[in-house]
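Let's take a walk through this structure, one part at a time. Have the sequence and the 3D view ready, and we'll start with a pair of helices.

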Amino acid sequence: MSTINYANSMLHSELADAVGKEFVSSNAADQLGHSIDYYWIPELWHDRGFDNPKPQFIVHPATAQEVAKVMKIANKYKIPVTPWGGGSGSQGGALPMYGGIILDTKRMNKVLHVDTDSLTVTVETGINTQHLEWAIEKKGFSTMHFPASIACATLGGFLAHRGTGVLSTKYGKIEDMVMSVEVVTPTGEIINTLPVPRHASGPDLTMLYLGSEGTLGVITKVTLKIHPIPESRKFHAFLFKNMHEAMTAGANIMRSRLRACVIRLYDEPETEHLIKRVLGIDKKGAYLVFGFDGNEKMVDLEMEAACELCRRQDHEDLGTEMGQSWWDNRYKFFYPPFMFHMPQAFGTLDTVADFAHIENVYWAMKNTVNENFPEARFIGHFSHWYEWGCMLYARFIVEEPPHDPEEATLYYNKIWDMAIRAAIREGGVINEHHGVGLKLGRLMPELYGPAFNILESIKTSMDPNNIMNPGKMGFRC
Ligand SMILES: Cc1cc2nc3c(=O)[nH]c(=O)nc-3n(C[C@H](O)[C@H](O)[C@H](O)COP(=O)(O)OP(=O)(O)OC[C@H]3O[C@@H](n4cnc5c(N)ncnc54)[C@H](O)[C@@H]3O)c2cc1C
């Protein structure tokens with residue numbers, strides 16, 4: 001037995017001791033399954049027969065205590081640990097770039113406590129998000145977290161990426177839903193943040209972990225707000241002459257402080273491309289849908305006030321049926337046959353800005369892509385709305401990217417670099433809910449400026465051996 005094999009088998013024994021022999025794997029199928037997420041580049045590498053970076057071991061701990069043991073072993077051997085939830089992330093965040101251990105969280109999937117006084121649920125973070133919703137619904141409540149990947153992503157993945165669901169306009173992004181978290185630190189301590197999110201006892205430690213993408217620890221437990229299932233939820237759709245008219249209507253709804261649960265606006269090309277194919281509305285213009293939920297009388301009043309605001313712009317009223325149809329088909333947009341796939345190259349240039357900048361961000365990205373990559377198609381919709389602005393879910397699609405994987409990677413990254421820099425110049429932030437991962441790490445110093453040094457020093461002091469998800473979020477490898 002060579003020295004390397006000997007060291008490996010010692011490590012294997014220690015991991016088996018920590019989590020149980022049947023919960024440590026180093027078989028080739030598991031390694032392959034944990035080498036591709038939803039990022040286009042590893043899909044490309046795989047498609048072209050490249051050997052994607054693979055983990056040595058995949059471990060499946062069942063408790064925070066077992067996670068802590070794994071972290072201590074990894075520190076001792078100074079080998080990387082990368083948390084893995086559903087592997088549905090689009091940024092390469094869960095890829096084991098430097099091998100080591102994949103820490104799969106899916107066995108930590110218990111709903112621990114539903115507090116019907118405070119309306120909160122305490123749950124382990126490896127739970128499938130749809131399973132959590134079903135468990136809560138049985139008790140007459142909802143998390144109100146409905147992302148398109150609800151069936152394939154874990155709650156921990158959303159916390160780690162600051163993800164968002166379709167009802168975010170009223171109920172918030174995942175970070176707005178959190179009361180507190182339990183985390184296993186990179187050095188293997190189990191800590192809890194303060195139990196309520198509003199206090200003046202120092203800075204908000206909970207927020208440090210939300211969006212940390214497995215680089216600062218493993219989030220093992222969370223207490224989330226839950227909500228009564230609303231008596232009524234209604235939708236209405238309008239078609240506007242162009243995106244500017246539709247944006248004015250959407251922004252007016254938010255500026256009037258009506259509490260829509262959804263506003264979604266599709267630019268003209270996406271209206272023509274996707275709204276036509278998914279909803280069968282064959283019209284030119286910019287499609288906008290909104291919804292309200294809660295007490296029925298309030299819903300009707302708010303709905304009428306929002307319609308009134310929309311009628312001030314150049315519009316065609318599509319009515320409630322065309323709004324309801326969007327809600328009924330809301331996930332279809334993201335799955336076959338409507339989703340893009342190999343050999344097409346595609347990317348979601350998810351960017352957020354305030355109302356004063358969002359239209360300029362849109363045009364800057366669109367013009368940059370159109371002028372520099374005439375073979376690319378640019379489509380976009382605006383999905384998560386705030387009192388002050390909204391998110392642009394822009395996408396580029398290239399039917400035939402270069403076949404050579406090296407060339408294709410350079411080409412793909414060039415589109416991202418140019419489009420994202422155009423957005424930053426116009427006051428946009430990359431990004432709103434997909435996270436940074438491997439894909440956008442190189443742009444973090446540009447986005448943050450000198451403030452990125454603060455993030456770097458937090459990472460260095462919390463993870464002295466740099467074992468947690470190295471190579472991600474722009475941190476030093
Ligand atoms: C079809 C489709 C639709 C999508 N729609 C949406 C959408 O509507 N909204 C949205 O926000 N996203 C969406 N996404 C993206 C993706 O689902 C999210 O980014 C989700 O948060 C990833 O969760 P996951 O469990 O799959 O995480 P993974 O992909 O497994 O991991 C993502 C990152 O989180 C880290 N991580 C995972 N668990 C933990 C943990 N417990 N502690 C610390 N770090 C951890 C990983 O190391 C990695 O860096 C979509 C993806 C697909 C494929």
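**Helices, a sheet and a glycine**

In this predicted model, look for helix α3 (residues 40-47) and helix α15 (residues 405-425): their axes come within 10 Å and cross at roughly 165 degrees. Angles over 145 degrees count as roughly antiparallel, so that is how α3 and α15 are arranged relative to each other. Their crossing is right-handed. Where do they meet? On the α3 side you'll find Trp 40, Ile 41, Leu 44 and Trp 45, and these meet Pro 405, Ala 408, Thr 409 and Tyr 412 in α15.

Strands pair through backbone hydrogen bonds, either parallel or antiparallel. Here, four strands form an open sheet in the order β1-β2-β4-β3, with mixed pairing. The edges belong to β1 (24-25) and β3 (81-84), each with a single partner strand, so one side of each has no neighbour in the sheet. β3 runs parallel to β4 (residues 101-104), and four bridges join them. Helix α4 (residues 64-77) lies across β2 (57-59), β3 and β4, and runs at about 170 degrees to β4.

Last stop: Gly 140, in the loop between α5 (129-137) and β7 (141-142). Is Gly 140 buried or exposed? With 11 other C-beta atoms within 10 Å, Gly 140 is exposed. Leaving out residues up to four places away in sequence, Gly 140 touches Pro 228 and Ile 229.

Terms used
Residues are numbered from 1 along each chain as its sequence is written. This is a predicted model: local features need pLDDT of at least 70, side-chain atom pairs count only at pLDDT 80 or more; totals for chains, interfaces and linings use all residues. Axes are lines fitted to C-alpha atoms, for helices over the stretch in contact, and angles run from 0 to 180 degrees between N-to-C directions. Helices (H or I, at least four residues) and strands (E, at least two) are DSSP runs, numbered from the N terminus. Angles under 35 degrees count as roughly parallel, over 145 as roughly antiparallel, 65 to 115 as roughly perpendicular and the rest as oblique. A crossing is left-handed if the near helix is turned anticlockwise from the far one by less than a right angle, and right-handed if clockwise. Two residues are in contact if their C-beta atoms, placed from the backbone, lie within 7 Å. A residue is buried if 20 or more other C-beta atoms lie within 10 Å of its own, exposed if 12 or fewer, and partly exposed in between; C-beta atoms are placed from the backbone. Two strands pair if DSSP finds at least two bridges between them.
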